[in-house]
Amino acid sequence: MPGGALSPPLSPPLSPPLSPPVSPPLWLPVSLLWLPGLLFFPGLFLLTRHALGAIAGCPRARATVLAARLVSSVQAVMASTAGYIISSSCQHVIDDQHWLAAAYPPFAVPYFVYDVYAMYLCHRQRAQVKGHGDAPPAPRAAAAAFLRHELLMVLHHAAMVLVCFPVATLWRQGKGDFFLGCLLMAELSTPFVCLGKVLILFRRQHTALHKLNGVALLVTFLGCRVLLFPYLYWAYGRQRGLALLRVPAALPPSYNAAAAALLAPQLYWFGLICRGAWRLFRPAGGTPPRPP
């Protein structure tokens, strides 16, 4: 042809390569991540309790309570941070994945086993902390009293290990990382629960700090544990193009039953928090109940 060489045939525009799913670090298989958790949470508890006694001169009973509250707060911050990273990285609420959704549950599950024992130690030594005696009660009597007083929390922790952990790691099959991330963010209220208990331990329940902490607990518990479930339904409905009120009918009954089972104790604890806030802000304020 006159005027130049033949031009090469046009090729279809290249589509951008699909971004591979973010994978966990290769130095440790996900299935073995419970081992660091098994060492981390009890180890942090023992180290903190020893440091409070050796450095700060804190009595052993009080050091036990403070160490348990610190570990619970650390776990809550880690879980909330992981949950935010997971949920904010998932544009599609069903199919998008993040490696933390597979990595954090096995790391955290030893915490719930450890925490039952830590709660038992705190309960056993509570009389000693409050100055009602120099020696803790007998182990059998303390265990029976602990189960009577903390039965709901023990059942909650058992459900986290025996039900929620297998669902999060096996049954989901890589689906719904967004929802798992949102559920992890429910732990955002835990540091305020722990701070409130520490303030009560040091008889600072009538201070301004305790009242501010109570407001923060009320707001975070309402947003991250109660309103969380309507939000999850709304997010699913938005992805599927459904109105919020139509979402429950579009889901299998087992999903709705699981959501109701998770929501029920949160409503109970939120009622206790509201009653405690009412007593706290009355002129003759009182000690708030013990939420999770």
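Is aspartate 177 buried or exposed? In this predicted model, aspartate 177 is buried, its relative accessible area being 3%. The views below show this residue and its surroundings.

**View 1. The salt bridge between arginine 172 and aspartate 177.** The two side chains meet at an N to O distance of 2.7 Å. Arginine 172 has a relative accessibility of 14% and therefore counts as buried, the cut-off being under 20%. Aspartate 177, at 3%, is likewise buried. This contact is one of three salt bridges in the structure.

**View 2. The salt bridge between lysine 175 and aspartate 95.** The closest N and O atoms of this pair lie 2.9 Å apart. The pair links distant parts of the chain, 80 residues apart: lysine 175 belongs to the loop between α6 and α7, and aspartate 95 to the loop between α2 (60–89) and α3. Lysine 175 is partly exposed, with a relative accessible area of 44%; aspartate 95 is also partly exposed, at 39%.

**View 3. The salt bridge between arginine 225 and glutamate 187.** Here the closest N and O atoms are 3.9 Å apart. Arginine 225 lies in helix α9 (residues 208–226) and glutamate 187 in the loop between α7 and α8 (190–201), so that distant parts of the chain, 38 residues apart, are linked. Both residues are buried.

**View 4. The kinked helix α6 (residues 151–171).** A kink of about 40 degrees is centred on methionine 160. Met153, Val154, His156, His157 and Ala168 are buried in α6. The buried residues of this helix pack against α3 (99–124), α5 (139–149), α7 (177–184) and α12 (253–281). Glutamine 173, which follows α6, has a positive phi near 55 degrees.

Note on methods
Residues are numbered from 1 along each chain as its sequence is written. This is a predicted model: local features need pLDDT of at least 70, side-chain atom pairs count only at pLDDT 80 or more; totals for chains, interfaces and linings use all residues. Side-chain values use heavy atoms; hydrogens and water are left out. The bend at a residue is the angle between axes fitted to the seven residues ending there and the seven starting there. Helices (H or I, at least four residues) and strands (E, at least two) are DSSP runs, numbered from the N terminus. Buried means under 20% relative accessible area, exposed over 50%, partly exposed in between (1.4 Å probe, protein chains only). Contact means heavy atoms within 4.5 Å. A salt bridge is a side-chain nitrogen of Lys or Arg within 4 Å of a carboxyl oxygen of Asp or Glu.
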